[in-house]
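Hello,

Here is the structure I promised to pass on. Please have a look, and then read my notes below.

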Amino acid sequence: MKRWHWRYWPLKAKLLFLTLFTSTLGIVLVCASLIAVENQNYREQLESELHVIAGILAEQSAAALLFEDHEQLSSILSSLRKIETIKQACVFSASGTLMNSLYSSGDTDCPSLSEQPPVGFVGNYYRLSQPVTLYEDTVGYIYLISHLEVLKAHIQTFIFLAMGIGGLIQLILVFVAFRLQRLVSQPILELSRAAERISLAHDYTIRAPVYGKDELGRLGRTFNDMIGTIEQQNLRILESRDSLERTVEERTSQLSLANKELEAFSYSVSHDLRQPLRAIEGFGRALEEDCEDVLDDTGKDHLRRIRAASVRMAGLIDGLLVLSRVSRQPMESERLNLSEMLEEIAEELSDLSEPLPTELRIQPDIWVAGDGRMLRIAFQNLLENAWKYSAKESSRVIEVSATSDAGYITIAIQDNGVGFDMRYVDKLFVAFNRLHTPSEFGGTGIGLATVNRVILRHHGSISASSEVGKGARFAVCLPVPAADRLHSVESNS
């Protein structure tokens with residue numbers, strides 16, 4: 001039904017409707033006015049004719065009334081039979097006595113003059129009372145009643161004629177309005193079509209035709225000027241975009257080349273460093289084993305420090321290698337049961353660490369999507385940190401839970417370890433930044449940077465919160481693929 005609303009009408013239909021409505025209203029008002037005027041004129045004409053007839057009748061019947069000549073009065077009244085509009089005629093003496101009358105078929109009796117009879121247009125009749133005078137003396141009265149059928153027939157004929165003429169004029173106006181509305185609607189429709197073509201094709205070379213020099217012509221020229229301005233601006237934008245894309249492409253190529261060179265350099269240096277470190281550590285161990293008897297305590301301590309430094313340096317190199325690998329290796333996304341992965345990592349940590357009462361609560365069936373090798377590196381680092389920084393407590397408590405919301409899954413790892421100062425949380429995921437000294441806890445300072453790099457490559461985010469002495473909480477937020485969200489909805493339903 002909305003398409004019948006005024007707002008959904010085409011412009012042509014609106015203009016045609018307004019023109020025809022206005023012309024129809026004008027024709028109706030003119031016809032109504034003419035009918036009212038004609039009705040009033042015909043009434044006045046009828047009234048005037050009856051007064052003339054009554055005057056003639058009074059003049060002819062004055063002598064008959066004076067001498068009470070009924071035959072003469074009857075003869076005079078019989079002459080009224082030729083006038084079709086006369087319905088009744090009554091002649092009264094000066095005292096009000098009915099002297100003679102003329103009745104049509106079905107007429108009623110003449111009214112009594114004891115009371116003033118109705119005169120004028122009453123109901124469907126016109127009534128007239130005319131005194132009969134002779135030498136300024138009233139010798140009687142004449143009472144005439146005329147029916148209005150002739151008036152009604154005349155007005156009906158006039159109405160039909162007015163409606164016919166009005167209908168004919170309306171048909172002519174329809175034709176003229178249909179032709180003339182194009183003068184106004186055509187430029188606007190052309191303008192609308194041009195705007196629609198520009199909007200659909202984004203072709204700013206299109207121009208609307210301009211008709212005349214009136215307001216519509218100025219509108220067309222202004223529209224074309226505006227499109228011309230947009231075209232120029234669009235050309236400048238396209239040129240700027242092309243230039244920017246070329247610049248970005250060049251910078252990206254340069255950056256990619258620099259990254260590859262940097263990664264290759266880092267990878268090469270790391271491998272090259274490992275060889276002398278292995279030699280230092282190997283000769284250190286051989287020296288410790290072969291010359292243990294000739295070394296004093298100071299020499300043994302120096303030898304132990306050399307071997308520990310070489311081991312720490314090897315750890316740093318391994319961290320750099322892992323960080324380099326997660327940055328450049330291609331992604332292979334798959335659906336993973338993270339709960340099972342964390343259980344395996346926890347089991348490995350239990351075998352490698354010193355015995356400590358440990359309460360590990362991992363929420364079952366945590367499913368994520370991503371590269372399995374990278375996610376294992378990331379969550380192994382997080383779980384190792386929780387394991388390491390809670391090692392000095394009387395018992396270790398680690399909890400892993402997950403929540404889903406708005407297309408993302410958030411995995412939280414909470415421990416009861418030493419925690420850290422939140423003032424330094426911004427340094428937490430930067431390589432080689434450590435919030436604890438090596439004497440407190442071992443490590444390379446690369447683990448959380450690697451975790452952050454893996455999570456970013458999965459288009460996720462990581463955050464941390466803690467309070468010194470009350471543990472730490474790391475929250476990893478990963479996107480959930482649409483297929484997994486649908487699977488989750490179907491499972492819940």
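Which residues is phenylalanine 474 in contact with, leaving aside its neighbours within four places in sequence? They are Leu382, Ile411, Ala412, Ile413, Phe420, Leu428, Phe429, Leu448, Ile462, Ser463 and Ala464, where contact means heavy atoms within 4.5 Å.

First, some background: this is a predicted model, in which local features need pLDDT of at least 70 and side-chain atom pairs count only at pLDDT 80 or more, while totals for chains, interfaces and linings use all residues. Residues are numbered from 1 along each chain as its sequence is written, and side-chain values use heavy atoms, with hydrogens and water left out.

Phe474 also belongs to the largest nonpolar core, which has 42 residues; together with Phe379, Leu382 and Ile411, Phe474 touches the most other members. Such a core is a set of buried (under 20% relative accessible area, 1.4 Å probe, protein chains only) Ala, Val, Leu, Ile, Met, Phe, Trp, Tyr and Cys residues joined through side-chain atoms within 4.5 Å. Its largest share, eight residues, comes from α7. A second, separate core has 29 residues, including Ile35, Ala54, Leu73 and Val132.

Helix α7 (372–389) (helices are DSSP runs of H or I, at least four residues, numbered from the N terminus) also gives the largest pocket nine lining residues, the largest share. In all, 43 residues line this pocket, and Glu384, Asn385, Lys388, Gly442 and Gly443 lie nearest its centre. A pocket here is an open set of points on a 1 Å grid over the protein atoms alone where a 1.4 Å probe fits, with protein on both sides within 12 Å along at least five of seven lines; lining residues have an atom within 4 Å of a point.

Best wishes

Definitions and conventions: Helices (H or I, at least four residues) and strands (E, at least two) are DSSP runs, numbered from the N terminus. Buried means under 20% relative accessible area, exposed over 50%, partly exposed in between (1.4 Å probe, protein chains only).
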